[in-house]
Amino acid sequence: MMSCIRRVWAGAGAPDRPIRIREHPRAWEIPRLPRRFRGNQRPEIVLRTTPSKHLRPVVWAVEAAGPGGAWDRLDGGDGTESSKAGPCSYAVGEYRTVEQEGERSQDRRVDVAVAAAVTVVLGVGNRVLYKLALVPLKHYPFFLAQLATFGYVIVYFSVLYLRYRAGIVTDEMLSMPKAPFLAVGLLEALGAATGMAAGAILSGASIPVLSQTFLVWQILLSIIFLGRRYKVNQLLGCCFVAIGVIITVASGSSAGHSLKEAGIFWSLLMIVSFLFQAADTVLKEVIFLDARQQLKGSSVDLFVVNSFGSAFQAIFICLLLPFLSKLWGIPFGQLPNYLKDGAACFLNVGTLSNGCDGAPLLPLLFVVVNMGFNISLLHLLKISSAVVSSLASTFSVPISVYVFTLPLPYLGVAASLPTGFVSGTIILVIGLLIYAWTPSVYPTSASPSPPNV
């Protein structure tokens with residue numbers, strides 16, 4: 001156990017000689033700690049030892065403090081000088097064995113893998129049920145979009161209220177600054193508006209090709225705003241995934257010809273739409289990271305982010321309704337009657353219910369699964385990153401293509417597989433494996449042995 005030194009200093013006032021952590025009857029030398037942190041980030045530095053004859057391998061977690069930041073006292077205290085650290089300082093937290101550190105890392109990987117699998121399943125269900133929901137509402141797709149947008153606000157805030165009453169959501173979470181949530185709502189509304197505008201002109205085969213720019217935007221924005229650095233295998237894996245999706249979905253279609261016919265403007269507008277969507281996901285990741293500092297290590301509840309983000313999105317959608325209704329070919333003056341007729345078809349009542357077979361069951365199933373998909377996607381983003389959540393969502397595309405070849409109810413004749421489905425799927429899976437592959441994080445055989453004193 002550590003007996004003498006509980007704190008390690010680095011910075012302008014730190015000595016240049018090696019820092020010594022003592023443990024009877026040995027003293028192990030550790031080189032001076034680097035001073036690499038910036039802004040409000042508090043990276044963790046891990047000090048490792050190798051196993052000796054009488055001692056298990058130990059890992060000390062060392063956390064960097066920002067300028068003038070105060071430390072939570074390790075062994076109690078009243079905020080005196082002994083429990084605070086000055087600029088450019090480091091403090092040694094609790095120690096963990098190498099085995100414990102490996103178990104924590106393994107548990108986290110399992111959590112991410114399970115969350116990614118759930119996201120993929122719900123992503124497939126979301127795509128399939130959207131197609132099925134449009135069978136009864138084939139004349140009212142704009143009504144379905146608004147039902148989802150405004151229905152989510154009611155559901156999310158209802159769940160948020162219940163979680164607040166249960167003590168899961170705290171007053172500190174609700175008092176977080178609302179400006180980031182307003183930006184989330186604006187980005188989601190702009191992404192929907194530009195996507196609808198471009199989607200009305202572009203063909204269905206060309207949109208999946210352009211959608212691969214979403215992953216590119218996420219990587220670039222993560223590098224710029226999160227300071228994230230990706231390994232070569234991760235970038236290569238993302239490229240393979242994008243190529244695999246393009247081959248899977250667009251093979252045998254006239255995607256290239258459709259892009260040429262539509263013109264460069266609409267293609268660029270669709271790419272801008274995916275930029276807004278990628279910025280939205282990266283901003284949510286920033287919100288989760290900032291919340292850990294604002295809430296002193298705690299994480300903000302998912303429904304706080306979903307509820308306020310959806311509320312601001314609904315406000316901006318209302319402001320954009322004249323523009324959006326025109327994109328769907330609905331004069332703004334006729335929008336109330338259109339929504340009324342769409343509600344009658346959704347409820348499958350009245351004289352307009354002819355041709356609305358499957359309602360309201362199929363649209364409700366889509367709304368429920370879509371909501372679950374959004375929650376699982378946000379949960380995956382919270383415990384991993386925006387790029388990982390994007391890869392999980394992308395993996396659902398070829399599975400959905402295959403599901404549409406099955407004899408599904410209400411859809412009539414099943415679709416045929418694209419000519420490059422198998423080869424594209426193989427490339428996509430290889431890309432995911434390349435992205436996920438990482439060398440061992442905690443090698444012990446190459447660690448230098450502590451010197452004898």
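With which residue does Glu285 form a salt bridge? The partner is Arg228, and the closest N and O atoms of the two lie 2.7 Å apart. Because Glu285 belongs to helix 9 and Arg228 to the loop between helix 6 (213-226) and helix 7 (232-250), this contact ties together parts that are 57 residues apart in sequence. Glu285 is buried, with a relative accessible area of 3%, whereas Arg228 is partly exposed at 23%.

The structure is a predicted model. Across the whole of this model, a search finds 4 salt bridges.

| Pair | Distance (N to O) |
|---|---|
| Glu285 and Arg228 | 2.7 Å |
| Asp301 and Arg163 | 2.7 Å |
| Lys284 and Asp280 | 3.7 Å |

The side chains of Asp301 and Arg163 meet in a salt bridge. This pair links distant parts of the chain, 138 residues apart: Asp301 sits in the loop between helix 9 (264-294) and helix 10 (302-319), and Arg163 in helix 2 (residues 141-165). Asp301 is buried, with a relative accessible area of 8%, while Arg163 counts as partly exposed at 24%.

The salt bridge between Lys284 and Asp280 lies within helix 9, where the two residues are 4 positions apart and therefore separated by about one helical turn. Lys284 is buried at 12% relative accessible area, and Asp280 is buried at 8%. Lys284 and Asp280 are also linked with Glu188 in a network of salt bridges.

Notes: Residues numbered from 1 in each chain as written. Predicted model: local features only at pLDDT ≥ 70, side-chain atom pairs only at ≥ 80, totals over all residues. Heavy atoms only, no water. Buried < 20%, exposed > 50% of the residue type's maximum accessible area, 1.4 Å probe, protein only.
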